Amino acid sequence: TISRLPPEILASVFIFQADSERSQLQAPDGRRRRGLRWIAASHVCRSWRHAALAYASVWAYIPFSLGQEWIDEAFSRAGSVPLVLHYEENPTAKNAA
């Protein structure tokens, strides 16, 4: 059963889900989407949460659009793994100027 998956396999699943959500951060109408459903999956049970928190590479992708609190937490949890920092200029603010 899925409850018997080793933590490193669960972490790989979370990373795969996070990678697939990256392309969906920008909605077709230009609005931002959260794109962090993999975090909800980490709340399913204690072992899933442990897997998400124990593997720094799960936290290596840092979208700046999610705010300072998220950035700080992701930096902290990513530890010393290589990071992917994602910054996009807000198209709405750009057009309003």
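**A close look at one helix and its surroundings**

Ala74 touches Trp59 and Ile62, when residues up to four places away in sequence are not counted; contact here means heavy atoms within 4.5 Å. The model is predicted, so local features need pLDDT of at least 70 and side-chain atom pairs count only at pLDDT 80 or more, whereas totals for chains, interfaces and linings use all residues. Residues are numbered from 1 along each chain as its sequence is written, and side-chain values use heavy atoms, with hydrogens and water left out.

Ala74 lies in helix H4; helices (H or I, at least four residues) and strands (E, at least two) are DSSP runs, numbered from the N terminus. With a relative accessible area of 0%, Ala74 is buried. In this scheme buried means under 20% relative accessible area, exposed over 50%, and partly exposed in between, with a 1.4 Å probe and protein chains only. From C-alpha to C-alpha, Ala74 and Ile62 are 6.5 Å apart in space, although 12 residues separate them in sequence.

**The two sides of H4**

Ala74 is one of the buried residues of H4, which are Trp70, Ile71, Ala74 and Ala78. Viewed down the helix axis, these buried residues fall within an arc of 100°, so they line one face of H4; the arc is that of the directions from the helix axis to the C-beta atoms. Gln68, Glu69 and Ser76, on the other side of H4, are exposed. The cover over the buried residues of H4 includes H2 and S1. Glu73 also belongs to H4, but at 35% relative accessibility it counts as partly exposed. The C-alpha atoms of Glu73 and Trp59 are 8.7 Å apart, while the two residues are 14 apart in sequence. Beyond the helix, H4 is followed by Gly79, whose phi is positive, near 60°.

**Aromatic pairs**

The structure holds 2 aromatic pairs; rings of Phe, Tyr and Trp (its six-membered ring) pair if their centres lie within 6.5 Å, and planes under 30 degrees apart count as stacked, over 60 as edge-to-face and the rest as tilted. Phe14 and Trp48 are both buried.

The rings of Trp59 and Trp70 have centres 5.8 Å apart and planes at 50°, so that pair is tilted. Trp59 lies in the loop between H3 and strand S1 (61–63) and Trp70 in helix H4 (residues 68–78), so the pair ties together parts that are 11 residues apart in sequence. Trp59 is buried, as is Trp70.

**The core and H3**

The largest nonpolar core has 17 residues, of which Leu10, Phe14, Trp38, Ile39, Val58, Trp59 and Trp70 touch the most other members; such a core is a set of buried Ala, Val, Leu, Ile, Met, Phe, Trp, Tyr and Cys residues joined through side-chain atoms within 4.5 Å. H1, H2, H3 and H4 each supply at least two residues of this core. In soluble globular proteins, nonpolar side chains tend to be buried together.

In H3, the buried residues are Trp48, Ala51 and Ala52. They cover an arc of only 95° around the axis, which puts them on the same side of H3. Two of them also meet Ser42, which touches Phe14, Trp48, Arg49 and Ala52, residues up to four places away in sequence not being counted. Ser42 lies in the loop between helix H2 (37–41) and helix H3 (46–54), and counts as buried at 1% relative accessibility.

**The whole chain**

The protein chain has 5 helices and 2 strands, running α-α-α-β-α-β-α from the N terminus on. Of its 97 residues, 27% count as buried. Among its contacts between residues at least 6 apart in sequence, 42% join residues at least 24 apart.
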